[in-house]
Every structure is written in structure tokens, then in C-alpha cells.
Amino acid sequence: MSQQRDHWSSNAGLVLAATGSAIGLGNLWKFPFITWENNGGAFVLVYLICIAAVGLPIMLAELLIGRRSQKSAVGALKEAVTSKWPGGRKLGALVGGWGVLAGFILLSYYTVIAGWSLYYFTQTVGWTLGGYPADMSAGDLFNSQALNTGLQLLLSLGFSLGTIAVVYFGVSKGIERIARIFLPILFGILLLMLVSALGMSGAGEALNHIFRPNFAELERGAILEALGHSFFTLSLGMGAMITYGSYISRKHSVVKASGAIVALDTLIALVATVVMFSVIFSVAGMRDEVGGSTVGMLFISLPQLFYSEVPFGVVLGPLFYVLVALAALTSTISLLEVVSAYLIDERRLTRHKATISAGAAIFAFTTLAVLSIPGLLGVEGGGLLSTMSVPFFGGGKVGWFANADHFVSNWMLPTGGFFITLAAGWFMTREATRGELEDGTQPRWFHYGAWRFFIRFVAPIAVAAIIIAVVFGVDFS
Ligand code: PHE
């Protein structure tokens, strides 16, 4: 049965859905932490350069490859590669399949972290109503929920079902509708938090730390970390944006949408970082406490500070975890859509069957991630899944969870991204890409020649540099 392809109903719908995919745990969880680890300023500047020089050109490439073929990752890349080289079907299919696999793995553990936001939402609601328990250790609370396997399965099951439910209803009635409702809420909550944070005593120092570059602090590995993160945060390198691009109709502009998505994603990452740093710098001694881990900042330091330091924290606390959950949901939706769209377009499943079977298969792997949480937290116990480490490709990490994250971030997204730059820059003809980008809807700032130079030379060389650096052992997961 041939099904009519669903499309975004408007440019705004497309921008909100794709921005929803981009804004996620990468912005709220990873970016503030790696900025912290890399001492702010200079790292942020390098990150912004990576976003502009590599992220934006690849965003344009993915959306245009999708829109041109009106097919999801595998079909679209097959078409792109064969446009100059008829024998290239296999390579195109392989790169697309690599992306689908990356989506599958990424979603399997991303859901677990998303589940923590649900837990902290219920906790903060309880604290707001009943008061923050004075004698509680935030670190112990985190560990005890994370190591409670039954609870973790329940939380991630809840999150998976939410994701499946949205994708089940399709592009315009499911994904776009949810993005239209949730993204404005997300922006609103973050704005409230920004206002509150800027009123705190540490705000000035936070802004300084984030925006004043000190190149003496910049370590070599930071450049690669910034580049790797620009793939993760913009949902690039695995076909999510190709798939979303395949639902763009002829009337809507790829260029305008790309500009808006990249700008919004970057803005939100910076705002989230300003908020978190303002809180941390306002509390004496908090700097040292945060030190340890990404998990620490979002789920251990912040919850308690809402009830002791943050103006209007009793309201903002629960809202903040709603924000994290919504941001994560609009990202998990896009990950599931990559896998489902593959099954629909290439395997001819109906949307309903595709969504449910992909969701169920991925959830089986989510249980592996849950079972390996002790390994992630460095706690004894948890068996093989918690102690496994994949030689070389796992970057010396321990446990299924950390190995999966390392493998996807350091290997799958950059290699996928590299081939996507080749597909758009070298395999597709100039006429084909030009026709997609300069279709009369493009904004004035856009220069086709500049994009082509970046996608043929700058982006692939930069990405190849990351891959080579990873081979020599730099970890930026
Ligand atoms: N961009 C998302 C984030 O920042 C993660 C993601 C990666 C989503 C790849 C889809 C595809 O959290």
C-alpha cells in the first residue's frame, strides 16, 4: 500500500519540531557540564565557531538531502550518493543504516536519563508542598533512586510510552503538534529561570566565566570536544535531520529553517549554562561540590539549591524538571522517528506497526542501560553489564551505558556526519543542491557558494580531524 507522505503544516511547525529535536539533554545536561570542565570562555567561543563552520552547513545539507528525496535516512542517502555515481547505492544505504543504528542505540540510554527528570519532577513537587527535608543528602537520594532497578524500569518505560504515543500519530498530528505546544512552554520556563538567576549574586561572575575567553585555559582536547558536541546538540550525523527534512514541502525554506534551528539551539544552551552557573557561583563551596560529574550538576546540586538559594525556587524547581522532561521528549521523538521512518519507507510497515515495534525493540536495550547504571555511577554490583568495557571503541569506559554513549558520540555521529558532508558536497550535483537551497525562499544572508565551500572542504576536514583525534584516544563523550 503506498501511503501519502505526511508534511509539516508550516515553516514554524518544521522549525519547532526540528528545534525540539536539537534542544535536549545535550543543552541542559551535557553543555553546561563540558563548559564547566573546560573552564568556560575560550571553550564556548570554540564551540560557537564549530556550530557556525560545521554545524550550520551540515544542518543545511541534511535538511536538503531529506527534502529533495522525500525519503528518510536510508532512502535519501541512497539517492544522494547515486546522483553522480550509479554504483553508490550500497554506500548510501550503509551510511543511512549506520544512522538508524545510532538512533536506536542513542535512544536506548537517553530514555534512562530522561526518566530521572520525571523522578525529580515528582520529588520537587513533594518538596514544594511539604518542605525540603533538612537532613537529606542529595547525593544519597540520587544514588538510591538510580540504583532502584524497578523504579528505573518504570520511569524509562513511562518515558518510552510517551515517545511512542507521539510518533504513533505521525508527523503533523503527532510530532508537530507536540512541538507547537511544548516548545513555547519550554522557552517560557527557561526565561523565568533566567530572570531569577540573573538576580542572584553569582550572576556577574557566571557571565564572565562563560563569555570572557581566556585562551591560556584552553586545552587541546577542548577543540575536539566542542566539535563532537556540536553534532550531538544539533542532532546531526545520524539522519534525524534528513528524516525531518523529508517532511518539508516545496513551499517551505530549508535555509530559513536551518538558521532558526541552529540559532535557537545555541541560545538555549547558553541560557541554560548562564542559569546553572549563576546558581553555582552564588553558593559558597558549591564549585568544589559540582566538580565531579554531569549527573552531579543537574540532579544533585541543583535540586537542593532550588529550596535554599534560588529566588522563587519552590515554583521554579518543579518547573525546571518539567523543562528537562519536555526537552528530552521532543528529542526522543526524533530519535524514534528515524527508526520508524526507516521501517515505514524501506520495509513498508504501516506507521502504527513501525512505531510500536521499533519502540519495543529499543526498550529491550533500555533495560540493558538500566541494568548497567551501577557501572555508570561507579558503584559495586550490577554484573557483566556494569563491568563490561569495549576495547578501544569504548574509550576505556565501564558498563554498557557509558560504552554506548561513548561509541555513539565519538564514533557514530562524527563518521556519519563525515559521509553526509561527502554526499551533499561531492556526490550530489551543484544544480541539485543549489535548486534545493536557492529556491526563492532563501533569506538574504545566505550565499550558496559559501555553503558549498564549507560543505566540501571546511566541514569534512574538521570532522576528519575529530575522527583522527579519536583514533589517538581523545574522549569527548
Ligand atoms: N540533540 C539532542 C540533544 O541535544 C540529542 C539528539 C542527538 C537527538 C541526535 C536526536 C538525534 O539532547
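Predicted model: local features only at pLDDT ≥ 70, side-chain atom pairs only at ≥ 80, totals over all residues.

Tutor: Residues are numbered from 1 along each chain as its sequence is written, and side-chain values use heavy atoms, with hydrogens and water left out.

Student: Why is proline 57 called buried?

Tutor: Buried means under 20% relative accessible area, exposed means over 50%, and partly exposed is in between (1.4 Å probe, protein chains only). Proline 57 has a relative accessible area of 4%, so the label is buried. Its place is in helix α3 (residues 41-69); helices are DSSP runs of H or I with at least four residues, numbered from the N terminus.

Student: What is proline 57 in contact with, leaving aside its neighbours within four places in sequence?

Tutor: Contact means heavy atoms within 4.5 Å. On that basis, and with those neighbours left aside, proline 57 is in contact with Ala52, Trp451, Phe454 and Ile455. The C-alpha atoms of proline 57 and valine 255 are separated by 9.9 Å, although the two residues are 198 places apart along the chain.

Student: What makes a set of residues a nonpolar core?

Tutor: The members must be buried Ala, Val, Leu, Ile, Met, Phe, Trp, Tyr or Cys residues, joined through side-chain atoms within 4.5 Å. The largest such core here has 167 residues, and Ile65, Phe320 and Trp451 have the most contacts inside it. Helix α15 (residues 313-347) gives the largest share of this core, 19 residues. Not counting residues up to four places away in sequence, isoleucine 65 touches Ala76, Leu77, Ala80, Ile242, Ile420, Ala423, Ala424 and Met428.

Student: How do you know that arginine 180 and glutamate 176 form a salt bridge?

Tutor: A salt bridge requires a side-chain nitrogen of Lys or Arg within 4 Å of a carboxyl oxygen of Asp or Glu. The N to O distance for arginine 180 and glutamate 176 is 3.1 Å, so the pair meets the definition. The structure holds eleven salt bridges.

Student: Where do these two residues sit, and how is each classed by accessibility?

Tutor: Both are in helix α8 (residues 171-198), and because they are four residues apart they are separated by about one helical turn. Arginine 180 has 37% relative accessibility, so the class is partly exposed. Glutamate 176 has 1%, so the class is buried.

Student: What makes arginine 250 and glutamate 436 a link between distant parts of the chain?

Tutor: Their side chains meet in a salt bridge at 2.7 Å, N to O. The two residues are 186 residues apart: arginine 250 is in the loop between α11 (240-245) and α12 (254-282), while glutamate 436 is in helix α20 (residues 430-437). Glutamate 436 has a relative accessible area of 2% and is therefore buried. Arg250 and Glu436 also belong to a network of salt bridges that includes Arg67, Arg68 and Asp439.

Student: Why are arginine 434 and glutamate 438 called partly exposed?

Tutor: Arginine 434 has a relative accessible area of 35%, so it is partly exposed. Glutamate 438, at 29%, is partly exposed as well. The closest N and O atoms of their salt bridge are 2.9 Å apart.

Student: How do you know that arginine 351 has a polar contact with glutamate 337?

Tutor: A polar contact is a pair of N or O atoms within 3.5 Å; within protein, one must be able to donate a hydrogen and the other to accept it, and residues adjacent in sequence count only if both atoms are side-chain atoms. The side chains of arginine 351 and glutamate 337 are joined at 2.9 Å. Arginine 351, in helix α16 (residues 351-371), counts as buried because its relative accessibility is 15%.

Student: Is threonine 415 buried or exposed?

Tutor: Threonine 415 has a relative accessible area of 19%, so it is buried. The residue lies in helix α19 (residues 400-427), and its side chain reaches the backbone oxygen of tryptophan 411 at 2.4 Å.
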